[in-house]
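Colleague: Could you walk me through this model? I'd like to hear what stands behind the terms you use.
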Amino acid sequence: AAVPGWPRASGVLSRRHWPVPYKRFDSRPKPDPYCQAKYTFCPTGSPIPVMEGDDDIEVFRLQAPVWEFKYGDLLGHLKIMHDAIGFRNTLTGKNYTMEWYELFQLGNCTFPHLRPEMDAPFWCNQGAACFFEGIDDVHWKENGTLVKVATISGNMFNQMAKWVKEDNETGIYYETWNVKASPEKGAETWFDSYDCSQFVLRTFSKLAEFGAEFKNIETNYTRIFLYSGEPTYLGNETSVFGPTGNKTLGLAIKRFYYPFKPHLSTKEFLLNLLQIFDAVIVHREFYLFYNFEYWFLPMKFPFIKITYEEIPLPNKNKTLSGL
């Protein structure tokens with residue numbers, strides 16, 4: 001698929017390895033002070049404790065509507081859910097919650113800021129793990145799920161804690177979108193999301209590798225899909241927006257992102273919604289930022305879809321792969 005209005009960047013061939021692997025980093029950078037959270041990230045966070053090797057630790061699947069603390073079950077009706085993991089040490093009686101989410105809220109992770117003093121869009125898209133003592137039973141039970149899925153040893157918990165630290169230091173940014181060729185089963189996946197549910201799935205998979213046996217219960221997760229033809233690689237920030245970058249392409253990307261800017265009045269939001277509809281549905285264009293690189297998506301019907309489908313719990317003999 002070629003991007004309307006300009007040729008493919010010289011020397012960049014269509015990438016055949018799909019989905020594009022999520023890029024990991026050597027370490028997590030400090031967030032830019034420009035990025036500000038409306039709600040403080042992990043306000044009661046604490047280090048993951050070291051358990052005694054023969055402790056019995058119950059593992060819970062936690063799920064509740066996104067922003068339940070503000071909107072109650074509103075987003076639950078749309079099956080837009082947040083996922084986390086709970087632990088209970090049966091010997092000490094202490095409970096813990098572990099989750100992975102955006103440092104600066106979902107909007108900042110999904111769309112950039114267009115700062116007048118900068119040529120390139122500015123992203124506040126870090127996500128990270130949060131661990132704290134206690135489980136807010138009411139929060140998870142009232143409009144969501146709090147269900148035991150496994151029991152592990154203290155040794156398994158300690159192995160998991162070491163893995164979480166490594167995973168958190170190398171997987172630093174949040175990705176909202178899953179991108180596929182169509183909703184049909186077996187359709188090509190172009191990009192996978194990297195969000196709260198993927199963290200839960202990766203953690204459960206690791207626990208299974210360490211020997212955990214999971215119950216046979218149904219577990220559903222929210223996923224937000226975009227549907228497009230084969231994506232076109234456009235370049236990174238420097239190659240697109242740098243001194244020798246493609247100004248036409250850079251302007252098109254910024255024009256696309258402009259209607260998604262935060263802090264709009266109702267009137268501005270409705271007008272911008274029309275611009276978004278025109279770009280994505282009428283002109284079938286979407287610019288994706290993934291691995292700190294830009295991609296063009298030639299959008300296809302049904303364009304976007306929120307699903308709430310089962311992804312089974314792993315077992316010792318068949319752990320989830322590719323997460």
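Modeller: Let's start with terms: contact means heavy atoms within 4.5 Å, and helices (H or I, at least four residues) and strands (E, at least two) are DSSP runs numbered from the N terminus. This is a predicted model, where local features need pLDDT of at least 70, side-chain atom pairs count only at pLDDT 80 or more, and totals for chains, interfaces and linings use all residues. Residues are numbered from 1 along each chain as its sequence is written, and side-chain values use heavy atoms, with hydrogens and water left out.

Colleague: Which strands does helix 5 lie across?

Modeller: Helix 5 (residues 196–209) lies across strands 1, 2, 3, 4 and 5, at about 35° to strand 2. Axes are lines fitted to C-alpha atoms, for helices over the stretch in contact, and angles run from 0 to 180 degrees between N-to-C directions. Helix 4 (residues 154–170) also lies across strand 1, strand 2, strand 3, strand 4 and strand 5, running at about 110° to strand 5.

Colleague: What makes strand 3 and strand 4 a pair?

Modeller: Two strands pair if DSSP finds at least two bridges between them. Strand 3 (residues 95–102) and strand 4 are joined by 7 bridges, so they pair, and they run antiparallel. Met-98, for instance, has Phe-131 in strand 4 as its bridge partner.

Colleague: Why is Ser-228 called buried?

Modeller: Buried means under 20% relative accessible area, exposed over 50%, partly exposed in between (1.4 Å probe, protein chains only). Ser-228 has 0% relative accessibility, so Ser-228 counts as buried. Ser-228 sits in strand 8 (residues 220–228), and among the residues it touches, leaving out those up to four places away in sequence, are Trp-190 and Leu-297.
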